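Please open the model in your viewer and keep the selection tool at hand. The stops below say what to select next and what is there.

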Amino acid sequence: MRNPIESDTTGANSEEPLPEGSLLAALDLGSNSFHLLIGRLEHGEIKPIHSQAEKVQLGAGLSGRKLSSAAIERGLGCLKQFAQLLQSIEPSRIRVVGTHALRRARNRREFTIPAEQILGVPVDVVYGREEARLVYLGVAHALADDSRSRLVVDIGGGSTEFIIGRRFEPTRLESLQMGCVSYAHTYFGKGKISKRRFNNAFQQALIETSHIRGHFNAEHWSEAVGSSGTLQAIETIIKLNGWSHDGIDKRSLERLRKSLMKYKHADDIPWAGLNDKRRSVIAAGVAIALAIFTGLDIEKMRTSKGALREGVVYDLVGRLRHEDVRERSITAILARYQADQTASESVSTMVTRLAMSVRKHWQLRDRDVELLVWAARCHAIGVAISQKHYHRHSAYLLENSDLAGFSQGEQEMLAALVNGQRGKLRQSELGSMRQKHGENIAKLLVIMRIAVVLKWAEDARDAKITASTATLNLCFPREWQERHPLTTKELFLVSNAARKLGVQLQLT
């Protein structure tokens, strides 16, 4: 199904393809560092014209799943610097992605709300497997386009992503809760190094890696590639110290470990190639890397400059050219749960018509309309579990499934729209939804409820739709109401719910 906003003839959502020479930007808000990439589109590829990384260590300020005020201030201070570099780029061509630290933080909105105000674009906090998909996309564009199966490993500040794929398609994705910042804090506090500390970190990483060994060991791929700053730093240190001349191997990692054991503090390490930004986390990075090599039977690994930020840019190019992986995810989940195609299309068609009729008056964004239409298509997938309370089951599936391309916030909003399609609306729940998803969520719920009620009335498209800032008027032919007494009654019930949502629904 074609996305309704593709018919919009303004900005990046027009029918015109993304023109050559367009500037695009990706901002990776990692647990250790924030990475900015600005690139120019040339012949279908992204040519980097500016990249910048700043050590923020957002993850180091995460305690009890809460970001400290100091960590938030460090992050926002960095974004204020980056914002100056983004002023010449259209907001629709910028994407900002948050990873492990923001995934974990219960108070992340204390960071994301001011961050969005600084940058002028949404901050998408992504799940671990979506992070893995984007990492693979970035790496795949940086490597030769051959048919070999490859394992890609990205050791981040708070999590490590593992991907197996061929060419540009990942076939298996996983994310483990181990990273160089979190391990540095847990096992190498205040920069202290010892054999006991290293072994504890190594053993824990080995245990974590054992959980995926069955699907990610050397039997399942022909080449291993590292994409993170941690693995690139390890490769640089190994080469400059003469322990290997080509990539990373297990023997050189062992030599690195033995050399590390000579020092009692990170500040004492004299290795060539070790910069101050990486110094405090290098011991944790070596422990995790050695555990991965041991646990997955990796003999040799090369590194790639392609990473999450490159993947985000290429994914953004696909969205702007209407090759959105999110559309594939929705199609797949509809097929998986054998959704009623007629009902799905009926609700999405009515949602589209209503949304396009009111979007100017209600100031709906493209993002709102996209998510609303996808929610409409998936409104009844929960019937596969049970007809009773199917909207709750549908919401659960949308929020907890791995939907490639969707951020954590987008999946939560899909779930909220589907869950709110029927049933009572409690003011406490509405307040929470508004706080999490913005004021427009209430108006989107009104549209969703109307469309669900009208899904079996095929001639409902004859209704005339008008709107103002806080009203929606549906005008039906008189004979229509006579032919659909039950639907008319349900619409009056929807009008009562609409009032709670701040919309006056008028039926004439």
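Buried means under 20% relative accessible area, exposed means over 50%, and partly exposed lies in between, with a 1.4 Å probe and protein chains only. This is a predicted model, in which local features need pLDDT of at least 70 and side-chain atom pairs count only at pLDDT 80 or more, while totals for chains, interfaces and linings use all residues. Residues are numbered from 1 along each chain as its sequence is written, and side-chain values use heavy atoms, with hydrogens and water left out.

Select Ser 259 to begin, which is found in helix 9 (residues 250-260); helices (H or I, at least four residues) and strands (E, at least two) are DSSP runs, numbered from the N terminus. Is Ser 259 buried or exposed? With a relative accessibility of 7%, Ser 259 counts as buried. Leaving aside residues up to four places away in sequence, Ser 259 touches Trp 243 and Trp 271, where contact means heavy atoms within 4.5 Å. The side chains of Ser 259 and Trp 271 also make a polar contact at 2.8 Å, that is, a pair of N or O atoms within 3.5 Å, of which, within protein, one must be able to donate a hydrogen and the other to accept it, residues adjacent in sequence counting only if both atoms are side-chain atoms.

Next, select the open sheet of five strands, whose order is 3-2-1-6-7 and whose pairing is mixed; two strands pair if DSSP finds at least two bridges between them. Strand 3 (45-55) and strand 7 (123-125) are the edge strands, each pairing on one side only, and the twist from one strand to the next averages 20°. Strand 2 (residues 33-42) pairs with strand 3 in the antiparallel sense over ten bridges, and Ile 38 stands opposite His 50 in strand 3.

Stay with these strands and move to His 43, in the loop between strand 2 and strand 3. Most residues other than glycine have a negative phi. His 43, although not a glycine, has a positive phi of about 55°, and at 74% relative accessibility His 43 counts as exposed. A further case is Arg 167, in the loop between strand 9 (160-166) and strand 10 (169-176), which has a positive phi of about 50° and is partly exposed, with a relative accessible area of 41%.

Now display helix 4 (residues 128-142) with helix 12 (residues 308-320), which pack at an angle of about 90° with their axes 7 Å apart; axes are lines fitted to C-alpha atoms, for helices over the stretch in contact, and angles run from 0 to 180 degrees between N-to-C directions. The two helices are therefore roughly perpendicular to each other, a term that covers angles of 65 to 115 degrees. Among the residues making the contact are Leu 134, Leu 137 and His 141 of helix 4 and Val 312, Tyr 314 and Asp 315 of helix 12.

Finally, select Ala 404, in the loop between helix 16 (390-400) and helix 17 (408-419), which is partly exposed with a relative accessible area of 24%. Which residues does Ala 404 touch, not counting residues up to four places away in sequence? They are Glu 130, Arg 133, Val 325, Arg 326 and Ser 329.

Technical notes: Parallel < 35°, antiparallel > 145°, perpendicular 65-115°, else oblique.
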